[in-house]
Amino acid sequence: MIRIEGVRSLHGAEHTVMPDRIETGTYLVAATAAGGHVRLLGAASDCLDATLEKLREAGARISVAGSRVELQADRRPGSVSVRTAPYPGFATDMQAQFMALAAIAQGTAVITETIFENRFMHALELQRLGADISIQGNSAMVRGVERLQAATVMATDLRASAGLVIAGLVAEGETVVDRIYHLDRGYEALEAKLGALGARVARFS
């Protein structure tokens with residue numbers, strides 16, 4: 001509960017907006033899935049513990065220095081199971097991105113969603129790309145495959161769209177993600193930032 005008592009007037013102040021930990025995590029998952037060496041600046045590294053722990057478990061090498069996060073991934077990731085939980089646990093908003101990662105990882109991952117109901121709609125779209133996913137209740141079993149195949153898929157919500165973009169980065173061929181207005185609710189110039197890392201991503205209508 002927050003109790004607010006009004007005043008007659010407000011005065012000036014300065015405030016630094018906190019970096020988006022979900023956007024940061026999305027780029028880190030993309031680099032882990034596709035491979036490479038990336039450096040993220042201006043990150044809120046102290047809010048990323050759960051995400052960084054799981055990426056290290058998947059095989060990524062990560063170093064943190066203040067607001068800089070550096071990640072290197074040079075081999076196929078290993079499967080990691082996740083269970084969503086309120087902060088500081090594993091964020092439900094990172095679940096779709098980790099499902100995309102698990103789709104091409106070595107081994108089998110179990111992803112359990114405890115926050116929202118019906119938040120596995122992206123699993124059906126990942127299956128269009130060749131992912132091996134089975135759902136039972138609030139858990140999804142993801143058996144990693146060596147490669148995904150390009151297809152046209154549909155974004156069902158904000159984080160699902162990010163997961164589909166990650167899957168498209170590692171799929172063979174050209175993947176088209178429809179309904180990216182969902183994506184624009186939470187990411188600014190995603191295609192430009194991924195393009196700066198060497199991805200071939202373009203927006204079209």
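Mentor: Two strands count as paired if DSSP finds at least two bridges between them. Helices (H or I, at least four residues) and strands (E, at least two) are DSSP runs, numbered from the N terminus. This is a predicted model: local features need pLDDT of at least 70, side-chain atom pairs count only at pLDDT 80 or more, and totals for chains, interfaces and linings use all residues. Residues are numbered from 1 along each chain as its sequence is written, and side-chain values use heavy atoms, with hydrogens and water left out.

Trainee: How many bridges join strand 1 to strand 3?

Mentor: These two strands run antiparallel. Gly-36 stands opposite Ala-73 in strand 3. The number of bridges joining strand 1 to strand 3 is five.

Trainee: Why is one side of strand 1 and of strand 2 left without a neighbour in the sheet?

Mentor: Three strands form an open sheet with antiparallel pairing, in the order 1-3-2. Strand 1 (36-40) and strand 2 (61-65) stand at the edges, so one side of each lacks a neighbour, because each has a single partner strand.

Trainee: Which residue in the turn between strand 2 and strand 3 has a positive phi?

Mentor: Strand 2 pairs with strand 3 (residues 68-73) in the antiparallel sense, over five bridges. Ile-62 stands opposite Leu-71, and Val-64 opposite Val-69. The two strands form a hairpin with two residues between them, and the turn residue with a phi of about 65° is Gly-66.

Trainee: At what angle does helix 2 run to strand 2?

Mentor: Axes are lines fitted to C-alpha atoms (for helices over the stretch in contact), and angles run from 0 to 180 degrees between N-to-C directions. Helix 2 (residues 49-57) lies across strand 2 and strand 3. Its angle to strand 2 is about 150°.

Trainee: How are helix 1 and helix 2 oriented to each other?

Mentor: Two packed helices are described by the angle between their axes and the distance between the axes. Helix 1 (residues 21-34) and helix 2 pack at about 5°, with axes 11 Å apart. Angles under 35 degrees count as roughly parallel, over 145 as roughly antiparallel, 65 to 115 as roughly perpendicular and the rest as oblique. The two helices are therefore roughly parallel.

Trainee: Which residues in helix 2 meet helix 1?

Mentor: Contact means heavy atoms within 4.5 Å. From helix 1, Gly-25, Leu-28, Val-29 and Thr-32 take part. Their counterparts in helix 2 are Thr-51, Leu-52 and Leu-55.

Trainee: How many residues of helix 3 are buried?

Mentor: Buried means under 20% relative accessible area, exposed over 50%, and partly exposed in between (1.4 Å probe, protein chains only). Helix 3 (residues 95-103) is largely enclosed by the rest of the structure. Its buried residues include Gln-95, Phe-98 and Met-99. The buried count for the nine residues of helix 3 is therefore nine.

Trainee: Is the pair of Phe-90 and Phe-98 stacked or edge-to-face?

Mentor: Rings of Phe, Tyr and Trp (its six-membered ring) pair if their centres lie within 6.5 Å, with planes under 30 degrees apart counted as stacked, over 60 as edge-to-face and the rest as tilted. A search of the whole structure finds one aromatic pair. Phe-90 and Phe-98 are both buried. Their ring centres are 5.0 Å apart and their planes stand at 85°, so the pair is edge-to-face.
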